[in-house]
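Good morning, colleagues. Please turn to the entry on the screen, which I shall discuss beginning with a single residue and then moving to the whole chain.

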Amino acid sequence: LDFSTEYPTDRGHFEDIISSDMKYSIMSYGPCRPIINFPYSPDGSGVLRKFSASYYNMTTKSGLQIPRLWLCYSILLNRVYCETCWLFANRNQKGFKNNWIVGINDWHHMNDKINDHEKSQTHIYASSVRLHCILESYDLNVKNCRGQGYDGASVMSGSNSGVQKRIMSVAPNAPFVHCCAHNLNLVISDAAKSTQVANHFFATVQAIFNFFSSSAPRWATLAFSEDFACKIRKKVLKKICPTRWEARHESVSALKQRYIDVLKSLINISLISKKSDERSEAQSLQKKMESFQFVLMLSVWENILRPLHGVSKMLQRDMNLQNARDRLKDVYYLINELRNNYEDIVNNAKSLCLRWRLPVTYTEPRQIYAKKTF
Ligand SMILES: [Zn+2]
């Protein structure tokens, strides 16, 4: 590899067919996935279009973001290509096409092209060869494999032609299970969507961070700690929230800790901001936050998300089955225990309300009665 260049594994440096040593070097260096200002180029009808880094990830039906590690971008060629197919595709396979090996620049139809490629036999075959190669490089025999875990991408988990099926044909004792950390995320996400109160609560939390990140960046520093305000300014929260549920613990806990400061900031903005829409948005958020129900939800969800956040982080590090099972059991126990500690959670919320002199009462939704006519 030529380390004098910034992206030594850029496809543009190489021929179509390369030696196995070079393949290992490219794999161990890592794929060429630059995040730059991608250049515009005219499409078939002369419209200027460009590549976007958002294609590096796929979003599953449940909203999870999964990196498409095969998808690379060559700065030298201004084309995207499939590193896996380039290195491992069987050029003699029936129906083989080399378009993803030489690279593609049809930016207008990128989504379709990517989806078609991911499902193609050429790509699935190349992915399983790559997996074999990686196992070999660690001196592992695929025949000894006793289980496979992947994210939800169908290339890997597809039951008829996915990589897991190909591995199973060599190692029949290696059944496929959906990745545990991803599954936990789905469970939390579904649980949080189960009631309307929770839905409203998280929508408000999101609205507060969006407000501070987009229209009132300097107030973020007043309401949150320097670190956290910096995150808000970088809109990290905005990006991670829809997909990684356990990461919401960070936003819920920050909001609970800085509850009074956030309210003070909102009031300040609504009093002295020169933009009328900013003033009214601050007022509406203040109103939503100033309810016992909101504070109680803050307290409840902080307690639920805290252990989940911890275990989810652990599941993504080195972990064995026994450990994963034990940690998940701990969380299950802790969350169950919350029922017995409900009094504490309510008292915690009450004391926060008292600090802001909020009345500690539920506001029941107004009943609407139909007029009776006789
Ligand atoms: Zn491919």
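Apart from its neighbours within four places in sequence, Lys113 is in contact with Ile104 and Asp106; two residues are in contact if their C-beta atoms, placed from the backbone, lie within 7 Å. This is a predicted model, in which local features need pLDDT of at least 70 and side-chain atom pairs count only at pLDDT 80 or more, while totals for chains, interfaces and linings use all residues. Residues are numbered from 1 along each chain as its sequence is written.

Lys113 lies in helix α4, residues 110–119. Helices (H or I, at least four residues) and strands (E, at least two) are DSSP runs, numbered from the N terminus. Between Lys113 and Trp100, 13 residues apart in sequence, the C-alpha to C-alpha distance is 9.3 Å.

I turn now to the whole protein. It has 18 helices and eight strands, and 28% of its 374 residues count as buried. Of the contacts with a separation of 6 or more, 63% join residues 24 or more positions apart.

The largest nonpolar core has 32 residues; such a core is a set of buried Ala, Val, Leu, Ile, Met, Phe, Trp, Tyr and Cys residues joined through C-beta atoms within 7 Å. Helix α16 gives the most to this core, twelve residues.

Methods
A residue is buried if 20 or more other C-beta atoms lie within 10 Å of its own, exposed if 12 or fewer, and partly exposed in between; C-beta atoms are placed from the backbone.
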